[in-house]
Amino acid sequence: RAFFMRADIAERCVEIGKYICETKKTIRAAAKIWGISKSTCHKDLVDRLPTVDFELSKQVREILAYHKAQRHILGGKATAEKWKKSKESKIRKQVCK
């Protein structure tokens, strides 16, 4: 089955793919730069890019897999920081009374 897409969308897929490969940034960061949703950015990289540039899509998939593997670690660190700040804030409020 043939898959056709508008030239501007194909170009965006390649641009985002190159950006991810060069900077190792996340889908969230790329979506923010291009002014599109994370869902659209993900669809561009995972579904559309392989039909436009298969080699680039393989590189992008490796980076996205790495980000996915790190997600639980980074989420845990963020939660720990959040609770640490919350606890420090409560202590400051008690001292200032």
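Val60 is in contact with Gly17, Ile20, Cys21, Leu45 and Leu49, when its neighbours within four places in sequence are left aside. Val60 is also among the members of the largest nonpolar core that touch the most other members. The model is a predicted one. Four helices and zero strands are present in the protein, and the order of elements from the N terminus is α-α-α-α.

**The nonpolar core**

- The largest nonpolar core holds 19 residues, and those touching the most other members are Ile16, Ile20, Cys41, Leu45, Leu49 and Val60.
- At least two residues of this core come from each of helix H1 (7-23), helix H2 (27-34), helix H3 (38-52) and helix H4 (54-96).
- H1 gives the largest share of the core, with seven residues.

**H1 against H3**

- The axes of H1 and H3 lie 9 Å apart, and the two helices pack at an angle of about 105°.
- Angles of 65 to 115 degrees count as roughly perpendicular, and H1 and H3 are therefore roughly perpendicular to each other.
- On the H1 side, the residues that meet H3 are Ile9, Ala10, Arg12, Cys13, Val14, Ile16, Gly17 and Ile20.
- On the H3 side, the partners are Thr40, Cys41, Asp44, Leu45, Arg48, Leu49 and Val52.
- Sorted by class, the residues of the contact of H1 with H3 are ten nonpolar, two polar and three charged.

**H2 against H3**

- H2 and H3 cross at roughly 105°, and their axes come within 9 Å.
- H2 is therefore roughly perpendicular to H3.
- Ile27, Arg28, Ala30 and Ala31 are the H2 residues that meet H3, where the partners are Lys38, Cys41, His42 and Leu45.
- The contact of H2 with H3 consists of five nonpolar, one polar and two charged residues.
- Cys41 and Leu45 of H3 take part in the contact with H2, and Cys41 and Leu45 are listed in the contact with H1 as well.

**Cysteines**

- The structure has zero disulfides.
- Cys41 is in no disulfide, and the nearest cysteine sulfur, which belongs to Cys13, is 9.0 Å away.
- A disulfide would need the two sulfur atoms within 2.5 Å.
- Cys41 counts as buried because its relative accessibility is 0%, the cut-off being under 20%.
- Cys21 counts as buried too, because its relative accessibility is 14%.

**Gln59 and Cys21**

- Gln59 is found in helix H4, and its relative accessibility of 43% is why Gln59 counts as partly exposed.
- Gln59 and Cys21 are 38 residues apart along the chain, while their C-alpha atoms are separated by 6.8 Å.

**The loop between H1 and H2**

- Lys24 is found in the loop between H1 and H2.
- The phi angle of Lys24 is near 65°, which is a positive value in a residue other than glycine.

**The whole chain**

- The protein has 97 residues, and buried residues make up 27% of them.
- Among the contacts with a separation of 6 or more, 56% are between residues 24 or more positions apart.

Conventions
Residues are numbered from 1 along each chain as its sequence is written. This is a predicted model: local features need pLDDT of at least 70, side-chain atom pairs count only at pLDDT 80 or more; totals for chains, interfaces and linings use all residues. Side-chain values use heavy atoms; hydrogens and water are left out. A nonpolar core is a set of buried Ala, Val, Leu, Ile, Met, Phe, Trp, Tyr and Cys residues joined through side-chain atoms within 4.5 Å. Buried means under 20% relative accessible area, exposed over 50%, partly exposed in between (1.4 Å probe, protein chains only). Contact means heavy atoms within 4.5 Å. Axes are lines fitted to C-alpha atoms, for helices over the stretch in contact, and angles run from 0 to 180 degrees between N-to-C directions. Angles under 35 degrees count as roughly parallel, over 145 as roughly antiparallel, 65 to 115 as roughly perpendicular and the rest as oblique. Ala, Val, Leu, Ile, Met, Phe, Trp, Tyr, Cys and Pro count as nonpolar, Asp, Glu, Lys and Arg as charged, and the others, Gly among them, as polar.
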